[in-house]
Amino acid sequence: MVESIVYGFTLGAILYLFSIGLSLTFGTMKIINFAHAMAYTLGVYFFITFLRLFPGAFCISTFLAVLCMIPVAYIVERLIIRRLYGESLDYAIIATYAVLLIGTDFIKFVWGNVPQQVSDPVGLSISIFNFIIPVYRLIIIAVAVILFVGLNILLRTTIIGKIVIAALEDAEGVRCLGVNVSKHFSIVFIFGTLLAVLGGILYAPISAADPYMWLNILLIAFAVVILGGMGNLNGTFVSAFVLGITMAITGRFWSQAADTIVFVIMALVLIFRRRVA
Amino acid sequence: MDILTALGFRASGRNALPVYKEICVLTIFFLVLTLIIHMYRITDFMIFCIYVMSFDLLYGYLGLLSFGHVLYLGVGVYISVLFSIYINSNPLLSLLAGTLGGGIIAAILGLIVVKLDGASFALVNLAFSQIGYFLVSSTFQKLTHGTDGISSRVDAWGFLNFSNEYITFSFILISMLLVFYLLRKLTSSPFGVLIRSIKENETRVTFLGYNTFLYKWITFFIAGTIASFAGGIYTLYVQYVSPTVLNPLDNIDPILAVLIGGAGNLYGAIAGGLLFMIMKDWLSSHFAVWQWVLGIILLIISFWFRHGFTGFVMAIRNYQRKKAVIYDQNGAQG
Amino acid sequence: MLLGKGRMRLLQVDEINVSYGRAMVLHDITMHLNQGEIVFVVGRNGAGKTTLLKTVMGLLKPWKGSILYEGEKTLGIGPVKLAQKGLRYVAQDKKVFSGLSVKDNIALAAYSNAVSMPEAITNVTSIYPKLNDLMENKAGGLSGGQRELLLIGRALVGHPKLLLIDEPTEGLAAIVIRDISRILMHMKMQKLSAIIVEQNLSIVNQLADRIYVMLEGYIIKELDNSIKIKNGHELEKYL
């Protein structure tokens, strides 16, 4: 049971990393970015390639993969996202989904369709109160917590953080002050994307990588963001862990329902919520 | 105004003839198409067109983008199949069961989703589509045989023998024309005007005193029912079904079809459905990896050709009309 | 648009037509503003006054007509660049960034105008000293009047050229209205240009160089304030 809870926290951590970018993009630019899922997957594949080149060098490969994704994120933002600002939501969804289709096929073309495995880089488990817990999972959870704290600090102290907080509430008002929200958003977008990439890489040893690995996490991430509140990063932190733990515990008793329970919860919350998302 | 006039079944001073002309045109078009493409394929295309028309009602007319419409198609398929295996293998009854089953689910889920705004609406429908896939492939495995799939078997009924290619084709053609007729009537009725107004500015329609939730819900119900009808028809002539009919990745298909053809008009739905299927056939037979082409087309449409094929045609017609006016004026001066 | 004295009009609006969807909100609106003038726009609710301000600010696009600001066409420029060129907009809903502190609200204005924080703070507190005590408070906790003063103060950061203020005194207590009136008078004495939408006729009378009267999307009257309008009887005719 304790293993399930730890696993739940791990899932929550990964979900949180993935969802930050989605939440920020929707909160400030009002765009649902399906291409986020493509970045997640592509980052993992870059990582696996580097790991094959430098066997055992987990951290370096992670760093290189993240580095490679910076131009990818920039191009997506510049060519697609920025052009979608102010457009109706429908076209934003459709265009970013198109990027997802193209990216997924690119991955299939370069790396093939077969799932790839990555082994646990730490390979150790520690024993707390007679429970055996893989250290690696604790590291993942720690990363998420550090990020949460760091993000809050960044948002409050840097000017770009303040622009983000203001834009999440009233992007038009920020523009009327003469601040180019779109240009500043580039950095935010790239940052959010890289976090998702990091999340994907950290999760890779726990699950295999395949070109469609994004499907599951994307849908659950949407639930995380809807439940946490679009643009509400602290809410996202909470809902990510709540859903992660729910999935893990459900998975223990009824393994196939783990995903579904998330959507049932989301549906219930949406039915009973006064305010529409 | 009584319900029949409101739904367009009783003409309120308007000439009802043109619909019949449209139906004749469509019939001739599809019959001619059989000379070029194999009848079996066209049957598939027509089913897809029914499905796309149902999606267009929801997206093109009402303006609600659902990323989970495939659920209703799949529900129609499975309820029809299961009905014909476990309860009664009469083709019309199983078709009816599938359609009604899908309609009931659309009615229930509609209550939840229709009050959501654009982003949530798209995603929650996707979530339900995923749940549907999961239920069919795992939870109800005992009934549905999960990912192994089940054989579909319908009896003949009277002259309706679906193993006969010509009968199947005619039946499905008539079904498609029937759906076209119903939707044409619906969208040109006051109801149609109302949902189009909701698409444009829902707040104002609410201020006029209408319960927009009700109309959105009804539209969602109709769209889901017709999609399930399409699924039900599919089981009439296909030998075997599997959960792939509910694959959430297929949710993009009707969206792409409607955009290619032009959203908000029934010809666009049919044109888009045909173009999409033909393109898919061609691409998948020539390339191993081909979805990126769909991605590129989607991008081009989202940025430059929002109104799709029919929009392009209408733009050309407008241009020609303007030219005609200029010529007229020149003629008068000359 | 040159006047006899060879001076360019700060703002020239020519026959703009603006619509929301299919509803026409502004019909062939023509108006102008000279440097140093304070022009008021009055009219019943729904007359299109807010739409006019928003269009000048670049938040809405007219499908017909043109707007010249400092001699340059503004169509398609957008609020960001216009704000950088000296246009400032204070919205009717008195919205501040409630998640940020008062100080951070000012910081954003300082950042976009490349003004130092001390200078920006002075800009704002000079018109409303009490704000000094509220610097670290969340802007969302301010009262309506305090918010309006913060917004006007923030609009003055970085040497603005043209202020667009939408109903500054709406919903405020008399004592606050007096403060705002005093500030606007101060701005007038410094020859700041402004277009102000107002329903409070005494303020209009005190400060207006000219008045435009709007009704249902049209400008029906342009009044020169040399006609001493006492107690708004004259104006009430049009409202």
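Okay, let's start in chain C: C:Ile16 sits opposite C:Ile29 in S2(C). This is a predicted model, where local features need pLDDT of at least 70, side-chain atom pairs count only at pLDDT 80 or more, and totals for chains, interfaces and linings use all residues. Residues are numbered from 1 along each chain as its sequence is written, and chains are lettered from A and ligands numbered from 1 in the order in which they are written.

Strands here are DSSP runs of E, at least two residues, and helices are runs of H or I, at least four, numbered from the N terminus. S1 (residues 11-20) and S2 (residues 23-33) of chain C pair antiparallel over seven bridges; pairing takes at least two DSSP bridges. They make a hairpin with two residues between them, and C:Gly21 in the turn has a positive phi of about 60°. S1(C) also pairs antiparallel with S4 (residues 64-69) of chain C, over five bridges, and there C:Leu11 stands opposite C:Tyr69.

Now, chains A and B. 33 residues of chain A are in contact with 31 residues of chain B, contact being C-beta atoms, placed from the backbone, within 7 Å. The largest share of chain A's side, 15 residues, comes from H4(A).

So what does H4(A) pack against at about 155°? That's H14 of chain B, residues 291-303, with the axes 8 Å apart. Axes are lines fitted to C-alpha atoms over the stretch in contact, with angles from 0 to 180 degrees between N-to-C directions. That angle makes H4(A) roughly antiparallel to H14(B), a label for angles over 145 degrees. Among the residues meeting there are A:Tyr91 and A:Phe106 from H4(A), and B:Trp292 from H14(B).

Terms used
Two residues are in contact if their C-beta atoms, placed from the backbone, lie within 7 Å. Angles under 35 degrees count as roughly parallel, over 145 as roughly antiparallel, 65 to 115 as roughly perpendicular and the rest as oblique.
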